[in-house]
Amino acid sequence: MILAEKLFNCFKDKDSFTLSEAYQENTDKPHETVCARIYDNLDVKFERIATVFIR
């Protein structure tokens, strides 16, 4: 299973998820790889619903 499908299957029953949650579900992959697969699949498998900035 490719990483994008694995991410989709992990969170398909949730309304939303964070990058931190995606990293926790895929500890065997570097954070950059997980993030890249999400961004590669925006508007395909995933939809951005918010951007959160923390001070």
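Begin by selecting Lys14 and Glu21, whose side chains form a salt bridge with an N to O distance of 3.1 Å. The model is a predicted one, and the distances shown are computed from it. Side chains of opposite charge can pair when their charged atoms come close. Colour the pair by accessibility: Lys14 is partly exposed, at 40% relative accessibility, and Glu21 is likewise partly exposed, at 27%.

Next, move to helix α3, which spans residues 31-40, and select Arg37 and Asp40 within it. The two residues are three positions apart, about one turn of the helix. Their side chains meet in a salt bridge, with 2.7 Å from N to O. Asp40 counts as exposed, with a relative accessibility of 51%, whereas Arg37 is partly exposed, at 28%. With this pair, the count of salt bridges in the structure stands at two.

How many disulfides does the structure hold? The count is zero. A disulfide is a covalent bond between the sulfur atoms of two cysteines. The criterion requires the two sulfur atoms to lie within 2.5 Å. The closest cysteine sulfur to that of Cys10 belongs to Cys35 and lies 16 Å away, so the separation is too far for a bond.

Cys10 is partly exposed, with 31% relative accessibility, while Cys35 is buried, with a relative accessible area of 18%.

Notes:
Residues are numbered from 1 along each chain as its sequence is written. This is a predicted model: local features need pLDDT of at least 70, side-chain atom pairs count only at pLDDT 80 or more; totals for chains, interfaces and linings use all residues. Side-chain values use heavy atoms; hydrogens and water are left out. Buried means under 20% relative accessible area, exposed over 50%, partly exposed in between (1.4 Å probe, protein chains only). A salt bridge is a side-chain nitrogen of Lys or Arg within 4 Å of a carboxyl oxygen of Asp or Glu. Helices (H or I, at least four residues) and strands (E, at least two) are DSSP runs, numbered from the N terminus.
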